[in-house]
Amino acid sequence: MDKQAKTVDEVVIRFSGDSGDGMQLTGTLFSDTSALFGNDVSTFPDYPAEIRAPQGTVGGVSGFQVHFGHKEIHTPGDYSDVLVAMNPAALKANARWIKKGGTVIVDGDSITEKNLKKAEFKTDDPIKELNLDGLNVIVAPISTLTKEALKDTGLDNKSILRSKNMFALGIVYYLFDRPLNFTEAFFEKKFKKVPLIIEANKKVLKAGYDYAHNILALPSYKIEPAKLEKGVYRSIGGNQATAWGLLAAAEKAGLKLFCGSYPITPATEILMYLAQRKDLGAITFQAEDEIAGIATAIGASFAGKFAVTTTSGPGLALKTEAAGLAVITELPLVIVDVQRGGPSTGLPTKTEQADLMQALYARNGESPLPVIAASTPADCFDWAFEAGRIALEHMTPVILLTDGFIANGTSPMRIKKMSELPEIKTHIAKPNSDYQPYRRINDYLAREWAIPGTPGLEHRIGGLEKMAVTGTVSYVPENHEVMTHERDQKVKRIANRIPDVKIHGEEEGDLLVVGWGSTKGHLRDAVNQLRAEGKKVSHVHFNYINPLPKNTAEVFKGFKNIVVAEINLGQFANYLRQNYPQYQYLQYNKMQGLPFTVAELVDAFNKIMEG
């Protein structure tokens, strides 16, 4: 950089435009480059549910937020230091998310009477109307300069304008001193069969970079690489990390993975990533509906495969009856629920934590199964692996909860060696052994797994209640009670094989902030901010939901107030009231299809402590 760059620890950038403007790709390329540069990164894609949302309208705006820095990054950030807006609608949709003194880069060519009308502006000056005068606003002729850069390429006008997102990316690369070579390598791989497109994108990217270099009004920043644990890292999304964790569990258990699923937003990518790994023995089946997806997975489990089915909230509802079949047959199965806003079709592309009660209780009869939840895009790998371990070692179906926020977001993940992962022990019965289908073989009440076709292991399991040990169909009243207790105890005894939940902060104080799943980063940052101000605040976060860690009641006792913060109307708070009624639980809830902001959490927690 020619001018003096301002050194900062962290920055938040938001790319925003029409759904067809390529903002998701632009944000992904920037975050990948920053991760490869060595920064810690957290991202948040935000886009409408429609395949092609109304162009030029606020409702059709697609965004991608990137938070990167020299220090450890837990969230995608609250407010943007830099907003890139490709049209007036994007500017309007994101005006309230820009920091005081922040920079706005808007495509000046998009500020037309037609676009202003679509975005429902009342005047011809969107900057003044949105009261952005206190910001560093750069109205750049992005479309015009993109056309100029590609005027001699022979590409048609539509193809040329499709590249304008790369001009915007070039501007931002200059602002933050990012190298261009990682993105250029992406072009070469993505468009290797179309050299003209490779060269066009490279030209526009460089043109944007050079434009920023020549505009003195643009700020420039320097952010050093983060100090991360040594190892091989990659930027990874939650759905991909989930798929990798499932594959790792299958390999560790010495089994082939089978995934039977029906495509549903935002879970579809897990099936797609698994389908790409036939080289690792993965078998995938795109079923005709949600019921067929779980039914084929149960069949695969019966046949001795590590079975998985993936879905979101509406699909989990359809899988309910078959999930009960997996409970009564006591077959290992992982059900991944990538939660989204509901009810019904609801908000397919927005995040929510509102499937918790469905996961815990939405099956007929006494039908307990373990429920666990991931917290970050990267740790989806660990919790998918753990879901597989619990399912296989305890011979039970398991529900893994993620959600749209972490499924579509990204963060750096250190690639683990298989030797670093814990052992997974299966309970496959030996040929010609003294096999009984429902005989308990250890203190956590698992049963043996008899693979069909194995000599001497002929047996019958199914949806009708079975006699304890022998597995014959039984209507004996006392036997049903015995089997109900055994299935219940089998899940409860998993608590003996999971770690205690840990308190972040002191073991006593004025406020304990309780969360679960994907809210971890926001809650941790809010608590850290309050602790830095001298407040007596601690944080405890749950990933094991059913059963809860054995020390749960113990961690609550040292605090004057307990507040449960979650992206629903209070499902985990009610679950805690049910299990530990000796404590009182305050709530902080949000239902906007968006994650928390750290600022709102800090404000809410301060108000609780002030009484």
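This is a predicted model: local features need pLDDT of at least 70, side-chain atom pairs count only at pLDDT 80 or more; totals for chains, interfaces and linings use all residues.
**View 1. Strand β2 and its two partner strands.**
Strand β2 covers residues 10–18, and eight of its nine residues are buried, so the rest of the structure largely encloses it. With strand β4 (residues 61–69), β2 forms an antiparallel pair held over nine bridges. Strand β5 (residues 80–85) pairs with β2 in the parallel sense, over four bridges. Within β5, Leu83 is the bridge partner of Arg14.

**View 2. Helix α1 and the glycine after it.**
Helix α1 (residues 23–37) has 15 residues, which at 1.5 Å a residue should span 21 Å; the end C-alpha atoms are 21 Å apart, in agreement with that value. The buried residues of α1 are Met23, Thr26, Gly27, Leu29, Phe30, Ser31, Thr33, Ser34 and Ala35. Gly38 follows α1 and has a positive phi, near 115°.

**View 3. Helix α19 and the elements that cover it.**
Helix α19 (residues 520–532) consists of 13 residues and reaches 18 Å from its first C-alpha to its last, close to the 18 Å expected at 1.5 Å a residue. Its buried residues are Gly521, His522, Leu523, Arg524, Ala526, Val527 and Leu530. An α-helix has 3.6 residues a turn, so residues three or four places apart point the same way. The cover over the buried residues of α19 includes helices α17 (404–408) and α22 (598–610). Strands β17 (503–504), β18 (509–516), β19 (537–542) and β21 (559–566) are also included in that cover. After α19 comes Gly534, with a positive phi near 90°.

**View 4. The nonpolar cores and Phe572.**
The largest nonpolar core has 100 residues, and Phe556 and Phe572 are those with the most contacts inside it. Helix α16 (residues 380–394) supplies the largest share of this core, nine residues. Apart from it lies another core, of 45 residues, among them Met86, Ile138, Val172 and Phe187. Beyond its neighbours within four places in sequence, Phe572 is in contact with Leu356, Val514, Gly515, Trp516, Phe542, Ile545, Leu548, Val564 and Glu566.

**View 5. Lys490, a buried lysine.**
Lys490 belongs to helix α18 (residues 477–492). With a relative accessibility of 3%, Lys490 counts as buried because it falls under the 20% cut-off. Two backbone oxygens lie at polar-contact distance from its side chain: a polar atom of the Lys490 side chain is 2.5 Å from the oxygen of Met395, and one is 3.3 Å from the oxygen of His394. Leaving aside neighbours within four places in sequence, the residues in contact with Lys490 are Glu330, His394, Met395, Thr396, Arg440, Tyr444, Leu445 and Ala446.

Strands β14 (residues 371–373) and β15 (residues 397–403) run parallel and are joined by three bridges. Val371 stands opposite Ile399 in β15.

Most residues other than glycine have a negative phi, and most peptide bonds are trans. Asp177, not a glycine, has a positive phi of about 55°. The loop that holds Asp177 runs between α7 (164–175) and α8 (181–190), and at 34% relative accessibility Asp177 counts as partly exposed. Asn432 likewise has a positive phi, near 55°. Asn432 lies in the loop between β16 (410–414) and α18 and, at 61% relative accessibility, counts as exposed. The peptide bond from Thr265 to Pro266 is cis, with omega near 5°; Pro266 is in the loop between β10 (257–261) and α11 (268–275). The bond from Gly342 to Pro343 is also cis, with omega near 5°, and Pro343 is found in the loop between β13 (333–339) and α15 (356–361).

Key:
Residues are numbered from 1 along each chain as its sequence is written. Side-chain values use heavy atoms; hydrogens and water are left out. The expected span of a helix is 1.5 Å times one less than its number of residues. Buried means under 20% relative accessible area, exposed over 50%, partly exposed in between (1.4 Å probe, protein chains only). Contact means heavy atoms within 4.5 Å. Two strands pair if DSSP finds at least two bridges between them. A nonpolar core is a set of buried Ala, Val, Leu, Ile, Met, Phe, Trp, Tyr and Cys residues joined through side-chain atoms within 4.5 Å. A polar contact is a pair of N or O atoms within 3.5 Å; within protein, one must be able to donate a hydrogen and the other to accept it, and residues adjacent in sequence count only if both atoms are side-chain atoms.
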